[in-house]
Amino acid sequence: MTRAPAVGVPEELSARVPVEQRGPGLDRDGVRLLVSRGTEVSHHAFGELPGLLRAGDLLVVNTSPTLAAAVDGRAGHARVVVHFSTRGDDGRWAVELREPDGRGTTRARGAVTGLPRARAEGVRGRGCGGLAGTRVRLPGGARMVLEEPLSARGERLWWARVSGVAVPALLREHGRPIRYSYTERDQPLSVYQTVFALPSDDGTGSAEMPSAARPFTARLVAELVSRGVQFAPVRLHTGVASAESHEPPYPERFAVPEASARLINAVRAGDGRVVAVGTTAVRAVESAAGDDGVVRARAGWTDLVVTPERGVRVVEGLLTGLHEPEASHLLMLEAVAGRAAVDRGYEAAVRDRYLWHEFGDVHLLLP
């Protein structure tokens, strides 16, 4: 499902800390904004966004909160880090077992061997981090048992059952945000929350920040509203990304409320443009759109993967971070803007030293 890389991204272009920690007087909106209109590229500060949109345009934003989804544990004598991804309808959680790398982050691991096992069928994982029946001890007296792989596509993520404590309470008490090796240090959970995040009733949320919305501040939102730009909230709880293998996204829980569906349809019927803030917002909206392009209120699970072949039915523009060339997210960008526009934009981003990943700069693709 991955596209052929268009450009190579130098390691030094990884954003290692949030922009507000890079110098005095900087706020979240202090990142750079690359704008692609077809194959034409221009360079801006993110604070210029209100002048780049029009009255009547609609920004679709993801309200999912970010969880402190990484928890230390022990499987037998081995130290592991559990990344909690998604809560299933039956109360189990999809998890990934990873190995501490000694630098405060983690790396993928092969099947854990020689560990205590439940009396379940012993199925050896293929680069999966665990075996069916593997028991993991967690803080606060919690216990976790791996039961079965999440998908036939691979065995990186497993359905696991946790006992002794509710997972949301475990994450609040003992979790920390998932952190990858390109970052410099641990950050508080507040750094990973967007201005649009709303607590969910059941304590669930996103394993990883819906990061395209991170540069928005309350002041900038107020300025956009004052200029006639509207906002449509949706929700999609993002699962754990495949940091090494760049797999397509797994099924995720989403909701498009009735009021947002009506607003999106009204904007499409008028002169405004529907611009999704992040690939998560695209997945949610397109999952709620019928073949006729009409968005209807929906909630549940989506397994939709937006590709150039499938195309988009609703979204006309996209504000997103900069993704690695191997990432499956680029297929979604191509579905919105076309491959030529994406390639031209990424060439400009590398040439002009834009910063990558969740603390980096952002890319606005417009018709």
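Predicted model: local features only at pLDDT ≥ 70, side-chain atom pairs only at ≥ 80, totals over all residues.
**Exercise 1.** Classify the arrangement of the rings of Phe 46 and Phe 216, and locate the two residues in the chain.

*Solution.* Step 1: a pair of aromatic rings is described by the distance of the centres and the angle of the planes. Step 2: the ring centres of Phe 46 and Phe 216 are 5.2 Å apart, and the planes stand at 85°. Step 3: planes over 60 degrees apart count as edge-to-face, so this pair is edge-to-face. Step 4: Phe 46 sits in the loop between S2 and helix H1 (49–52), while Phe 216 sits in the loop between helix H2 (167–174) and helix H3 (218–226); the pair thus links distant parts of the chain, 170 residues apart. Step 5: Phe 216 is also buried, at a relative accessible area of 1%.

**Exercise 2.** Which residues form one aromatic cluster with Phe 46?

*Solution.* The cluster consists of Phe 46, Phe 196, Phe 216 and Phe 231.

**Exercise 3.** Give the strand order of the open sheet and find the strands at its edges.

*Solution.* Step 1: the nine strands have the order S2-S1-S16-S15-S13-S3-S11-S12-S14, with mixed pairing. Step 2: S2 (40–45) and S14 (298–302) each have a single partner strand, so one side of each is left without a neighbour in the sheet, and these two stand at the edges. Step 3: from one strand to the next, the twist averages 20°.

**Exercise 4.** Which strands does helix H4 touch?

*Solution.* Helix H4 (residues 258–269) packs on the sheet and touches S3 (58–62), S11, S12 and S13 (274–277). Its direction makes about 130° with that of S11.

Methods
Residues numbered from 1 in each chain as written. Heavy atoms only, no water. Pairing = 2+ DSSP bridges. Helix = DSSP H or I, 4+ residues; strand = E, 2+ residues; numbered from the N terminus. Axes fitted to C-alpha atoms, helices over the stretch in contact; angles between N-to-C directions. Contact = heavy atoms within 4.5 Å. Phe/Tyr/Trp six-rings, centres within 6.5 Å; stacked < 30°, edge-to-face > 60°. Buried < 20%, exposed > 50% of the residue type's maximum accessible area, 1.4 Å probe, protein only.
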